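Reader: Could you walk me through how to read a ligand site and a few loop residues?
Author: Gladly; let us look at it together.

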Amino acid sequence: MQMVCLPRIGTVAAWRRQARRLLQAGVPGENLVWQTGEPDADLFAAPEKIADADCKTPFTLTKSALTSIETALHHKDPERFARAYDIVARLASGRLRWGDRSDKPLHCLLGQEKAVRRDIHKMHAFVRFREVGSPDAARRAFAAWFEPDHPIAEAACPFFASRFGDMDWIIATPSLTARFENGTLSYEETRNFSPPPEDATEDLWRTYFANIFNPARLMVSAMTSEMPRKYWKNLPEASLIPGMIRTAPERALAMQLAMPTEPSAFSGKVRPMRPAPPDDGNLSLDTLKPALDACRRCTIGSCATQAVPGEGPSDADLMIVGEQPGDIEDLTGRPFVGPAGQLFDSCAEEAGLDRTCAFLTNAVKHFKFTPRGKRRLHNKPNAGEVVACRWWLDFERRAVKPKLLLAMGSSATLSLTGSGESLLQRRGTVEKAEDGTPVLITYHPSYLLRLREETQRRQAKSHFIQDLRQATSLLRSHD
Ligand code: URA
């Protein structure tokens, strides 16, 4: 049996060095006892005794495996070093595949990695500094006490060094104390740390917390999951929480009774900037685009790149109405040119419907989306936005005077028929618009794109093609 002693500071880096040497020497995990701190003299056998001649070919872990293992090594479980060694040994010999969650030790390590990450996240969120330096010192000095679940000081504190690089601080945890002085971060074992007295920062935290708290949106379970009670004793603002929870219902009620309030001063400044509805008399299909671009009848327009007016012959018998431009339509300024448009084109071809003979437009003329990283995710327009944009659709309808309207999807159907009832029951049927123009109701092509199940998708597509065929035959029967 060989004991491997790891220092209390720099434990993970030391484990890595030792594990590499032992693995290269082919030492099986069962022969090792891992320990942090001072060695037990009788058990200790220095790893230096391993002869270089014993070393096997070095083995390289993937970066993500190494990161997971090193993170899990900050867990408090005393078995973590042996478990990690066993896992790396089996990975190196090909007896284990990284990511195989059916392997119990690996499953356990990944669970511990998650627990450590959560602990680090909480430490970043809940460390509260108190000022301790003299006011005229060149650098302000702060101290904090934090009790994490795991010995994570070395993993968590570099974050504070990058955040608070312009001041000196110490963060004491039960095992290690991080010290940041003149831009250098170091660690020492914690001995007799006594928290500094309360300072004005405490009041600042309490004021901030009291002001961001919205009693009408209180969810105690979400709050205590985000800010677990075990951290409360070191959070100055936590003393406010019980009182806030107790008084939340009456404060929320008072807020409701106080409504409606006057519009904010900002709203007063913005309203006059909203363009008046354009003069119907001077507007034509050709001049619609700039007027649409400027439209702020609802808020969607201010985020989109541009408005997308309808396109097609100004005397088309068929007007096809979709929901709203998508990402590509927003960038190109043309309707139905993205993935939904391509699917529409192929179905129309199959149904014998010539897209160029129809006027294609949308119920809503601007793209409504939610930014997610670099992507813009489609966001369905609400009924208010559909109604606000109807003015433009009505204008297009008055100009084109189609004999048949094809409503694709629920937003178009709502706009053209005024009814938001379930589309599934109405698809394939003909209803009437306010002015009596027939409205044939069908799916939106994006609905077909969203269906995951193959049979369902094939069936919906065949219904859609059937509806496009019906549109052409209705037009023919009208002639
Ligand atoms: N979806 C629509 O409803 N309209 C488009 O122009 C593109 C996608």
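Reader: How far is an oxygen atom of the ligand from a polar backbone atom of Phe336?
Author: A polar contact is a pair of N or O atoms within 3.5 Å; within protein, one must be able to donate a hydrogen and the other to accept it, and residues adjacent in sequence count only if both atoms are side-chain atoms. Here, an oxygen atom of the ligand is 2.9 Å from a polar backbone atom of Phe336. The protein covers 95% of the 240 Å² of accessible area that the ligand has on its own (Shrake-Rupley method, 1.4 Å probe; for residues, only the protein chains shown count as cover). This is a predicted model, in which local features need pLDDT of at least 70 and side-chain atom pairs count only at pLDDT 80 or more, while totals for chains, interfaces and linings use all residues. Residues are numbered from 1 along each chain as its sequence is written, and side-chain values use heavy atoms, with hydrogens and water left out.

Reader: Which residues are around the ligand?
Author: A residue is near a molecule if one of its heavy atoms lies within 4 Å of it. Around this ligand, they include Gly322, Gln324, Pro325, Ala340 and Asn362. By class, the shell has four nonpolar, five polar and two charged residues (Ala, Val, Leu, Ile, Met, Phe, Trp, Tyr, Cys and Pro count as nonpolar, Asp, Glu, Lys and Arg as charged, and the others, Gly among them, as polar).

Reader: Is Asn182 buried or exposed?
Author: Buried means under 20% relative accessible area, exposed over 50%, partly exposed in between (1.4 Å probe, protein chains only). Asn182 is exposed, at 61%.

Reader: Where is Lys401 found?
Author: Lys401 is in the loop between α13 (383–400) and β12 (404–408). Its phi is near 50°, a positive value, and Lys401 is exposed, with a relative accessible area of 61%.

Notes. Helices (H or I, at least four residues) and strands (E, at least two) are DSSP runs, numbered from the N terminus.
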